[in-house]
Amino acid sequence: MASSKKLNSNIPEGQLELKWTTYRSTVHLVNPANKRSLEVLIIGSGLAGASAAATLAEMGYKVKVFCFQDSPRRAHSIAAQGGVNAAKNYQNDGDSVYRLFYDTIKGGDYRAREANVHRLAEVSGNIIDQCVAQGVPFAREYGGLLSNRSFGGTQVQRTFYAAGQTGQQLLLGAYSALQRQVGMGAVKLLARHEMLDIVNIDGKCRGIIARDLVSGKLERHFGHAVLLCTGGYGNVFFLSTNAMGSNVTAAWKAHKKGAFFGNPCYTQIHPTCIPVSGDHQSKLTLMSESLRNDGRIWVPKSKEHAQAIASGKMNPNDLKEDDRDYYLERRYPAFGNLVPRDVASRAAKERCDAGFGVNATGQAVYLDFAFNMKYKYGKTEATKKGIENPTEEQLTEFGQAVIKEKYGNLFDMYAQITGVDPYKNPMMIYPAVHYTMGGLWVDYHLMTTVPGLYALGEANFSDHGANRLGASALMQGLADGYFVIPYTIGEYLSEEIRTKAIPTDNEAFVKAEQDVNDRLNKFLNIKGTKSVDHFHKRLGHVMWDKCGMARNAEGLKWAIEEIKKIRSEFWSDVRVPGTANEFNPELEKAGRVADFIELGELMCMDALHRNESCGGHFREEYQTEEGEAKRDDDKFAYVAAWEYKGESNFELHKEELKFDNIKIAQRSYK
Amino acid sequence: MSNAGFLKSSIGKKVIMGATGLFLITFLMVHCFINMLIFFQDGGETFNKGAEFMGTNWLIRAMEIVLFVGIILHIVQALVLTLENRKARPVPYEKINGAANSSWYSRSMGLLGTLILMFLIIHLKHFWVVSRFTDHIAHNEYEKLPGQETLFKEMMEVFENPMVVLVYVLAMISLTYHLLHGFQSAFQTFGLNHRKYTPIIKKTGIAFSIIICTLFASMPIAMHFGFVK
Amino acid sequence: MGGTTGKNINVTVKVWRQRNKNEKGSFETHDMKGVSTDMSFLEMFDVLNERLITEGKDPVAFDHDCREGICGMCSMYINGRPHGPKNAVTTCQLHMRSFNDGDTIVVEPWRSAAFPVVKDLVVDRAAFDRVIAAGGFVSVNTGNAKDANNILIPKPEADEAFNAAACIGCGACVAACKNGSAMLFVSAKVSQLALLPQGKIEAEKRVLDMVHQMDVEGFGNCTNTGACEAECPKSISLENIARMNREYVFASANEKK
Ligand SMILES: Cc1cc2nc3c(=O)[nH]c(=O)nc-3n(C[C@H](O)[C@H](O)[C@H](O)COP(=O)(O)OP(=O)(O)OC[C@H]3O[C@@H](n4cnc5c(N)ncnc54)[C@H](O)[C@@H]3O)c2cc1C
Ligand code: HEM
Ligand code: SF4
Ligand code: FES
């Protein structure tokens with residue numbers, strides 16, 4: 001297989017370990033005087049956007065930052081809980097840049113680019129240094145050194161964390177660096193602004209059209225380069241752990257103007273989320289992966305019991321041990337409850353589909369702490385207290401105290417959302433959409449197929465292959481923003497020093513603004529009968545059922561047709577109240593959902609064409625006899641980059657993935 | 001920013017509030033101590049001596065000026081802060097459940113202060129104006145001129161009126177609440193908040209407010225009902 | 001239903017409506033029938049809005065994003081309290097089971113001169129961003145950092161800094177305070193950075209600049225009522241305000257000019 005001619009990944013020559021170092025020392029530079037007249041537009045203020053904006057402004061570029069929230073500090077990166085990886089080897093447990101590189105490639109089921117991932121591992125250590133210097137309060141040991149925890153899919157402790165709020169603390173660090181530049185006048189901040197199109201002039205990206213969400217006014221902004229740091233598109237499923245506003249609009253507009261979309265079907269489904277409670281549900285909440293260290297996952301062995309529990313006739317605590325099916329321990333004795341996310345998610349779905357779900361919707365399994373509470377922690381505590389024959393009550397009491405200390409805030413959150421006390425009852429959990437590995441295709445410089453248009457963070461497709469390891473998204477966002485783009489953008493901008501700022505009355509700007517304006521008015525003029533959410537929910541159902549945890553050709557084909565129907569109904573029957581000249585959240589939503597509908601179709605096409613199972617992409621036709629994912633490296637070791645060719649028309653381009661430094665192997669957790 | 005900046009800043013203004021407040025608290029202690037002398041049951045002899053000392057000692061007289069400056073600063077600053085705080089919320093809430101998050105008296109310092117101020121005016125007119133600016137008060141029983149009265153006797157007379165006693169008692173209740181919040185608040189304003197010591201400060205504040213104000217209130221009551229001779 | 005308490009209740013919602021910053025607003029009353037107690041408070045508003053849209057009316061604008069209590073975007077003043085009747089939760093984490101059948105629920109925007117109303121329940125909190133821009137950072141450019149473990153920080157200080165850093169910038173402290181003071185928010189950032197060796201170097205300049213900006217923005221003065229701490233969804237402590245007062249007094253005294 002050869003890569004498409006339209007895709008040049010621009011990977012530097014040379015040995016893997018030296019590529020980035022050599023690149024950095026030979027890349028073209030822009031002199032300080034010229035930087036001051038080069039303008040960079042950054043869309044998004046999450047980890048990727050804020051870190052890039054701060055750094056580029058420090059270097060002397062003129063920067064504008066856009067975000068749709070009321071403050072850059074609220075970008076969805078804020079919600080990340082678990083931690084951020086870095087190959088520091090502070091724990092002296094054999095970690096290294098190579099090992100982080102290796103784990104990430106393997107975790108991604110051999111569908112990521114070696115050179116990018118190695119660079120990510122190389123700069124991972126600098127991220128921690130930078131964040132600590134900014135005052136990010138990472139967890140520490142009593143000796144004053146940084147503390148680490150371990151995460152799924154690895155054998156070393158390389159995850160840095162700040163309680164259950166790592167994303168928040170990292171983002172606030174980047175945000176404060178950004179605000180410092182805002183205070184110095186180096187960055188202009190445009191919060192409550194939504195980018196609605198990019199503007200290309202002579203084959204290069206030269207600016208954007210943005211809408212001031214408060215006044216509703218459309219604005220034209222020129223930039224010598226534009227950086228999309230707009231996050232993931234998990235909300236195409238309607239329900240996900242993403243924030244309500246997370247969307248694909250920026251990436252999609254870029255896609256329609258020439259940026260190829262990479263691996264759109266790669267979606268990560270997180271196994272431990274709070275299940276849906278009813279039709280009113282607006283989003284799903286993650287329960288940290290760390291809970292699987294102490295919780296055992298089960299469903300009843302018999303359907304009668306499952307139904308009795310689901311209908312409230314039976315208390316799960318009363319079900320005898322012998323009548324419970326600890327299915328992960330049964331199927332994967334070696335890893336048990338700690339199998340990777342994709343495996344755990346699929347196993348839960350399998351049991352629920354077979355009719356063993358434990359709530360009224362039939363879509364929940366138990367995560368039960370009672371056993372470890374009593375017999376792991378309770379016993380130890382009793383021994384510590386010198387009690388030789390503790391009663392069951394004592395064991396529970398002692399164990400509860402330990403669990404509270406470890407997971408108190410998560411247990412509180414669970415109780416708050418469900419109204420059920422998780423200390424007394426097993427938690428109910430179900431998988432939920434969490435992260436999208438796919439995104440805009442970028443080369444080694446993080447540039448899309450449109451010159452001058454870059455994509456950073458979750459918005460690009462680059463580093464996680466078909467499955468992301470825990471604590472790697474934060475690492476990637478900050479690597480892209482702090483340490484990669486500041487170098488790679490120089491390569492492009494050094495050629496642009498003679499480009500004068502293009503006046504925004506240029507016809508390309510005028511036309512783009514007119515198009516955006518027409519589209520907004522179109523939404524408003526349909527005056528149909530159904531709300532935007534109505535269509536979003538319908539799309540979400542289709543995506544979840546047919547393009548979610550398990551996919552098959554038949555379902556995907558059906559979904560593609562169904563989505564087309566949803567689209568035509570949307571465009572004839574949606575109701576968007578209000579006007580375009582005011583603060584109008586429904587209008588914002590309409591634009592986002594319209595784009596999700598188009599993306600949904602492409603995701604299904606991508607999933608349909610990839611006749612293999614890999615990472616988060618599980619095609620039921622391609623599994624082993626035991627029901628495990630079956631990759632096809634001969635035919636599918638490539639990145640699928642889709643080019644937009646008009647409505648429902650996408651052309652596939654392939655970037656071949658070469659593994660010169662890692663031997664491809666099948667993953668097994670038995 | 002210069003020092004004027006400090007005094008203009010919200011924290012600077014608060015520090016003045018706290019400093020003058022604490023200064024007034026020390027004054028209250030001295031004042032209360034002297035007044036307690038009425039309970040010697042010696043027809044006011046000891047008390048009158050104390051009053052004379054307070055009225056003639058140059059240091060005390062100097063402090064009196066400081067005291068007035070302090071009160072005025074406290075009041076002016078209270079006014080400035082209150083007005084600024086009003087401006088900070090131009091549109092009021094329809095429904096407020098303040099009890100859920102704070103004590104009513106901490107939210108009513110201005111009102112309590114105004115009550116205290118009204119009382120102060122009455123109080124100063126009763127005794128301070130009379131003793132400083134008229135010849136009506138004699139130093140003691142033996143030197144009094146015709147038409148003169150000792151301060152002790154003057155008090156006995158004033159407190160014969162039950163309305164006056166009532167005003168004094170109500171004022172002392174206001175002061176109690178003002179100090180229940182104010183005492184510990186001043187420490188917080190100065191940045192003295194410590195997990196170990198703040199509970200002690202708070203308890204001291206409560207004890208202080210209640211004891212001092214009860215003692216003050218007991219004086220007019222005792223005099224009115226003739227418990228003091 | 002996956003939930004559990006699964007009851008339905010009827011409530012009356014009295015909500016503030018205001019088209020934009022300049023127009024005057026007023027209250028509007030809506031009956032909400034058959035509200036599941038498993039719903040979150042914001043989901044109840046979703047249902048209300050869905051209804052308003054199909055009736056051809058203007059839905060109620062309110063801020064929200066993460067819906068899990070961390071982004072700080074949601075901001076409703078519910079029955080006289082910011083973020084509603086439960087302590088230590090944000091509006092998005094509040095559920096209908098905290099209300100009773102037949103309740104009337106009054107919902108207002110944050111009220112503060114520094115937070116002008118954008119529309120209905122949405123306010124503009126950019127003042128907070130400007131306070132941070134005035135000094136809420138450590139002046140370190142990317143690429144200048146030394147190895148992270150070269151800076152040793154005692155665990156108690158690190159933990160305390162973390163507790164202060166947990167602020168989500170929601171503004172409930174301002175909304176709760178009878179004076180509309182922002183001391184809790186500002187002091188949380190001042191404290192976090194003053195507690196850490198990285199931030200100590202410019203601590204004096206930081207506190208002077210941030211407090212100055214806070215005053216310029218038109219927030220009120222602190223009376224130490226403690227309402228902010230009681231209503232803060234992240235339980236940010238009043239100790240931070242004391243620390244900021246202290247820092248400010250010393251910084252002012254030390255200022256060379
Ligand atoms: C609940 C949860 C927990 C997670 N936990 C972890 C973890 O423990 N470890 C880990 O490594 N990863 C974790 N992740 C993943 C990780 O948080 C994200 O992948 C990462 O933060 C994305 O950062 P970003 O900068 O790319 O985008 P985001 O932080 O999503 O920022 C997107 C930005 O783009 C702006 N934007 C979007 N569209 C537009 C537009 N059209 N116009 C203008 N602005 C726009 C938004 O305003 C926002 O500022 C978690 C994710 C979730 C949902
Ligand atoms: C003997 C008389 C008084 C004493 C001992 C006293 C003491 C105090 C103290 C200790 C404080 C706390 C300061 C702080 O929080 O830092 C305080 C606050 C206050 N006082 Fe007084 N006070 C007295 C009289 C008055 C008067 C006469 C007024 C007003 C007319 C007044 C108005 C206030 C107000 C409004 C505050 C709150 C200021 C704020 O924090 O916003 N006080 N007082
Ligand atoms: S201090 Fe608390 S109430 Fe104030 S902004 Fe921060 S989190 Fe919100
Ligand atoms: S919506 Fe994010 S905190 Fe409530």
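Mentor: In chain C, helix α2 (residues 126-135) packs against helix α5 (residues 183-195) at an angle of about 30°, and their axes are 11 Å apart. The model is a predicted one, in which local features need pLDDT of at least 70 and side-chain atom pairs count only at pLDDT 80 or more, whereas totals for chains, interfaces and linings use all residues; side-chain values use heavy atoms, without hydrogens and water. Residues are numbered from 1 along each chain as its sequence is written, while chains are lettered from A and ligands numbered from 1 in the order in which they are written.

Two packed helices are described by the angle between their axes and the distance between the axes. Axes are lines fitted to C-alpha atoms, for helices over the stretch in contact, with angles running from 0 to 180 degrees between N-to-C directions. Helices (H or I, at least four residues) and strands (E, at least two) are DSSP runs numbered from the N terminus. α2(C) and α5(C) are therefore roughly parallel to each other, a class that takes angles under 35 degrees, with over 145 counted as roughly antiparallel, 65 to 115 as roughly perpendicular and the rest as oblique. Phe128(C), Val131(C) and Ile132(C) of α2(C) make the contact with Phe185(C), Val186(C) and Lys189(C) of α5(C), where contact means heavy atoms within 4.5 Å. By class, these residues are five nonpolar, no polar and one charged; Ala, Val, Leu, Ile, Met, Phe, Trp, Tyr, Cys and Pro count as nonpolar, Asp, Glu, Lys and Arg as charged, and the others, Gly among them, as polar.

The axes of α6(A) (residues 166-183) and α13(A) come within 11 Å and cross at roughly 10°, which makes α6(A) roughly parallel to α13(A). Thr166(A), Gly167(A), Leu170(A), Gly173(A) and Ala174(A) of α6(A) meet Leu474(A), Leu478(A) and Tyr482(A) of α13(A), a set of five nonpolar, three polar and no charged residues. The axes of α1(A) (residues 16-26) and α5(A) (residues 114-134) come within 9 Å and cross at roughly 70°, so that α1(A) is roughly perpendicular to α5(A). The residues in contact there are four nonpolar, two polar and five charged.

The loop between β17 (453-455) and α13 (473-493) of chain A holds Glu458(A). Leaving aside residues up to four places away in sequence, Glu458(A) touches Gly231(A), Gly232(A), Tyr435(A), Thr436(A) and Gly438(A).

Among the two pairs of chains that touch, chains A and C have the most contacts. Chains A and B do not touch, and their nearest C-alpha atoms are 18 Å apart. Chain B comprises eight helices and two strands, in the order α-α-α-α-α-β-β-α-α-α along the sequence. In chain B, His74(B) (NE2) and His178(B) (NE2) coordinate the iron atom of ligand 2 at 2.0 to 2.1 Å. His74(B) lies in α4 (residues 58-87) and His178(B) in α7 (residues 162-189) of chain B, so the pair ties together parts 104 residues apart in sequence. Donors are N, O and S atoms within 2.8 Å of the metal (3.2 Å for Na, K and Ca), and sites may look incomplete because water is not among the atoms.
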